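Me: Please take a close look at one part of this model, the sheet, and then say what can be said about the pockets. One connected answer will do.

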Amino acid sequence: QPTASGPEITFDVKSQDFGVVSDDKDVNHQFKFKSTGKSTLTITNTQGSCGCTVPQLEKKTYEPGEEGEIKVEYHPQNRKGPQHTTVTVTSNDPTKPQVVLELKSDVRPLVGIEPTVLNLGQVPKGQTQTLKAMITSRLKDVSIVSATPTIASIDAKVMPGAEVEINGEKVMQYPVEITVPANAPVGQLIGNISIRTSEQNRVLNMTVTGEVVGDIVPNPARVQLGALQPGQSFTSELRLSARNKKPFKVTKVEEKSGSPGKAFADIQFREDPNTVPPSYVVTVTGTAPTTPGAIKGDLLISSDLPGEEQFKVQYFGFIRQLPQAPQQQRNQVDNESTLIPGGR
């Protein structure tokens, strides 16, 4: 219950369901309230739960009996499916200093792709892997023109569209075939597919990940140098073994340019005859840079296996920031040094 002489805020409703909305147009709602207390109501803050929910308030103080409204704009761009956002209203109402207003919606993109991130998984060298994504268009006059990968080692093809009914609405769907060809090189597959439509400004993007795996297995998959002190010496090992017990020879291991520069002073590799077939152990040594931050790059490994004449193994590490002595302690040490007879 409100205090006998205190302020109070009362909303007509505290929730709004926009229902089905498209992702191209903003929607808004006015939450109406009244100052129902005995003294001046002051609204100190209105805060949306995300950047897509923007509250607007004309003024902050309201006398007893005065009415007002909070206009909330919801931006559905780059969202899809059921959405639930809030606006928190903070005031000097002693019994309910914060009131949460709720907004719900079901965002249906005019043109969208599913999934937005496609994982191709591990594809054995020399084999073909094909997966599909689906473009759904609620705009019948918009067609799909092309699908262009940023990764040279995959192909993308838009298939003919067909009209289907989803949630009681007729839409056009276009399958997209993403293929890793048999001649794809061994290594990580990370990139995007840019999908253009007949509307020049309407472009879709899908992220693609995966890996073409060869007969040589690096363990670990990425050389972890760990967290290093500036100037610290380090040593790390990498083992190269046969996936299908197929013998191989490593002929060379070198470092590609790294960031902020080359990390290794020496790289050695040796055959381990105790495994069947023999594996190889690569040992890298170096000294950490003096500048804090990430260090990363690639080891380029050459072998005698067809299709794996050269492949990369990433390395990664981090240079710590050394803690600095407090300024007061440094000043104290400096002052004490001036008191030593004869100075220093």
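Reply: Strands here are DSSP runs (E, at least two residues) numbered from the N terminus, and two of them pair if DSSP finds at least two bridges between them. The model is predicted, so to speak of local features a pLDDT of at least 70 is needed and side-chain atom pairs count only at 80 or more, while totals for chains, interfaces and linings use all residues. Residues are numbered from 1 along each chain as its sequence is written, and side-chain values use heavy atoms, without hydrogens and water.

The sheet is open and has four strands in the order E1-E3-E7-E5, with antiparallel pairing. Its edges are strand E1 (9-11) and strand E5 (53-57), each of which pairs on one side only. E1 runs antiparallel to strand E3 (residues 27-35), and three bridges join the two. Across this pairing, Ile-9 stands opposite Ser-35 in E3.

A pocket is an open set of points on a 1 Å grid, fit for a 1.4 Å probe, with protein on both sides within 12 Å along at least five of seven lines; lining residues have an atom within 4 Å of a point. Volume is the space filled by probe spheres set on the points. The lining has 25 residues, and those closest to the centre are Lys-80, Pro-109, Val-111, Gly-112 and Ile-113. Strand E10 (111-114), strand E12 (129-137), strand E16 (169-180) and strand E18 (203-213) each give two or more residues, and E10 gives the most, with four. By class, the lining has eight nonpolar, eight polar and nine charged residues (charged being Asp, Glu, Lys and Arg; nonpolar Ala, Val, Leu, Ile, Met, Phe, Trp, Tyr, Cys and Pro; polar the others, with Gly).

Gln-83 belongs to strand E8 (residues 81-91) and, with a relative accessible area of 15%, is buried (under 20%).

The second largest pocket has a volume of about 580 Å³. Of its 23 lining residues, Val-186, Gly-187, Gln-188, Glu-211 and Lys-312 are the closest to its centre. At least two residues come from each of strand E17 (187-197), E18, strand E19 (216-219) and strand E26 (310-319). This lining has twelve nonpolar, six polar and five charged residues.

Conventions
Buried means under 20% relative accessible area, exposed over 50%, partly exposed in between (1.4 Å probe, protein chains only).
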